[in-house]
Amino acid sequence: MGRTSQAQAQPNYERESELKAFDATKTGVKGLVESGITRVPRIFIHPQNGLHNKPNSLNTELKFPLIDLNDVAEDPIRRKEAVDEIREASETWGFFQVINHGIPGPILGEMLEGVRRFFEEDDEEKKKWYTRDSNTRFVYNSNFDLYSSPAANWRDTVYCQVAPHPPTPQQLPTVCRDIVVEYTQQVLRLGKSLFEMLSEALGLKANHLEEMKCGDGLALLLHYYPVCPEPELTMGTTQHADSDFLTVLLNDQVNGLQVLYQNQWVDVPHISGSLVVNIGDLLQARQGNATIFIWNRII
């Protein structure tokens with residue numbers, strides 16, 4: 001018989017103590033998996049009502065927006081087409097994928113490898129970076145809201161503020177230092193281009209959003225989702241809307257990202273070399289669409 005979230009209501013369940021014990025290991029969800037657990041700890045069990053809501057058959061007919069950015073800087077006709085596609089995707093989905101975006105495939109691959117190298121590093125070395133001090137430049141932990149959320153998510157995370165004031169080399173782990181610096185520069189360039197086309201999609205000057213400082217800051221979030229022994233009981237990332245201007249997501253080949261579209265959870269397809277772009281709450285507010293929430297999750 002499967003377990004449910006009713007376990008959280010048991011009188012002997014001391015949630016805070018279990019949270020502190022988990023946090024004190026400084027090895028995150030990956031450490032739990034490596035310890036050989038075969039059941040999901042209670043702190044990770046989510047309410048079962050509508051937990052996964054697998055997409056129904058109608059989703060197979062939905063086409064997630066895919067925008068080709070090839071030649072958009074040189075060909076005005078192609079640029080107008082891309083701007084129109086971005087406008088349509090932003091207004092209907094709030095999400096779209098981009099290909100031929102200018103970031104070389106080897107850099108994308110090395111960024112993913114850099115993330116894996118860090119999370120799969122020796123525990124004692126990795127523990128040096130584990131903290132809940134948000135003022136630290138490279139913050140590694142599991143669940144930033146561990147002590148406030150109803151249930152923890154099945155993931156470990158790094159948060160690193162990389163712009164406008166980049167970290168020093170000593171503030172980054174050696175296993176991913178070089179690629180974090182290179183990838184940051186590449187994403188900032190892409191972000192500038194995306195903000196220009198979004199400005200044009202709004203009928204504004206190309207530099208409008210840039211002049212509003214929308215692209216000045218950049219934070220890297222590196223998520224690691226270990227294999228789960230009971231995936232039906234938990235989530236990688238619960239339903240949320242991104243509270244930023246723009247999110248550019250680099251995914252590996254393991255599908256799990258879903259977007260809520262027309263009251264259905266739709267799988268975002270994996271396309272090699274593509275990046276997923278999400279219009280954040282702050283940009284919507286600047287556009288005057290503050291009441292629209294673009295929900296997404298990781299299962």
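This is a predicted model: local features need pLDDT of at least 70, side-chain atom pairs count only at pLDDT 80 or more; totals for chains, interfaces and linings use all residues.
An open sheet is formed by four strands in the order β1-β2-β10-β7, and its pairing is mixed. Strands β1 (66-68) and β7 (246-249) lie at the edges, each pairing on one side only. From one strand to the next the twist averages 30°. Within this sheet, strand β2 (residues 95-99) and strand β10 (residues 275-279) run antiparallel and are joined by four bridges. Gln97 stands opposite Val276 of β10. Helix α3 (residues 76-92) lies across β1, β2 and β10, and runs at about 160° to β1.

A further antiparallel pairing links strand β3 to strand β4 (residues 156-163) through four bridges. Cys160 of β4 is the bridge partner of Phe138. Strand β3 (residues 138-141) is covered on both faces: Phe138 and Tyr140 are buried on one side, and Val139 and Asn141 are buried on the other.

Helix packing is illustrated by helix α4 (residues 105-119) and helix α6 (residues 177-201), whose axes come within 10 Å and cross at roughly 135°. The crossing of α4 past α6 is left-handed. On α4, the contact is made by Ile107, Leu108, Glu110, Met111, Gly114 and Arg117, and on α6 by Ile179, Val180, Glu182, Tyr183 and Gln186. The residues of this contact comprise six nonpolar, two polar and three charged.

Terms used: Residues are numbered from 1 along each chain as its sequence is written. Side-chain values use heavy atoms; hydrogens and water are left out. Buried means under 20% relative accessible area, exposed over 50%, partly exposed in between (1.4 Å probe, protein chains only). Helices (H or I, at least four residues) and strands (E, at least two) are DSSP runs, numbered from the N terminus. Two strands pair if DSSP finds at least two bridges between them. Axes are lines fitted to C-alpha atoms, for helices over the stretch in contact, and angles run from 0 to 180 degrees between N-to-C directions. Contact means heavy atoms within 4.5 Å. A crossing is left-handed if the near helix is turned anticlockwise from the far one by less than a right angle, and right-handed if clockwise. Ala, Val, Leu, Ile, Met, Phe, Trp, Tyr, Cys and Pro count as nonpolar, Asp, Glu, Lys and Arg as charged, and the others, Gly among them, as polar.
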